[in-house]
Amino acid sequence: MEPSVDASVSGICRVVRVGGEMACESAPFFRARLLAETAQGQSHVVLDLSAMAFCDSAGLNVLAETWREAHATGVVVVLACVAPSLRRMLSITGLSDVLPAYATVAEAEAVGVRS
């Protein structure tokens, strides 16, 4: 499955749909694209992971780096539609404390509206 990143704006939120396998081979692609998407001027970014087939430790590192860079500029990044295996990895590593995951994109967007 080819890696993909597609973005749209929904109100004050930028919704970034991530697809494919976020693994060692595709990490540079995802890193560049996600960092670029979080720098587009919206204060709230939702990473929609519904089309992501797999995520390994390299992919987890990309998500952490994306959050760190965005946070440094005041951008809030949250996750939506996270697979149970990734949700577990986020919890084990403690990333779930700073990178919250929501069941749906609509729930994740609602957090941005309330912020």
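A salt bridge is defined here as a side-chain nitrogen of Lys or Arg within 4 Å of a carboxyl oxygen of Asp or Glu. The model is predicted, so local features need pLDDT of at least 70 and side-chain atom pairs count only at pLDDT 80 or more, whereas totals for chains, interfaces and linings use all residues. Residues are numbered from 1 along each chain as its sequence is written, and side-chain values use heavy atoms, with hydrogens and water left out.

The structure holds four salt bridges, including those tabulated below.

| Salt bridge | N to O distance |
|---|---|
| Arg 14 and Glu 37 | 2.7 Å |
| Arg 31 and Glu 65 | 2.6 Å |
| Arg 33 and Glu 37 | 3.7 Å |

Arg 31 belongs to helix H1 and Glu 65 to helix H2, so this pair ties together parts that are 34 residues apart in sequence. Helices (H or I, at least four residues) and strands (E, at least two) are DSSP runs, numbered from the N terminus. Glu 65 is buried at 18% relative accessible area, while Arg 31 is partly exposed at 24%; buried means under 20% relative accessible area, exposed over 50%, and partly exposed in between (1.4 Å probe, protein chains only).

Within helix H1, Arg 33 and Glu 37 are four residues apart, about one helical turn. Arg 33 is partly exposed at 30% relative accessibility, and Glu 37 is buried at 11%. Shared partners join Arg 14, Arg 33 and Glu 37 into one network of salt bridges.
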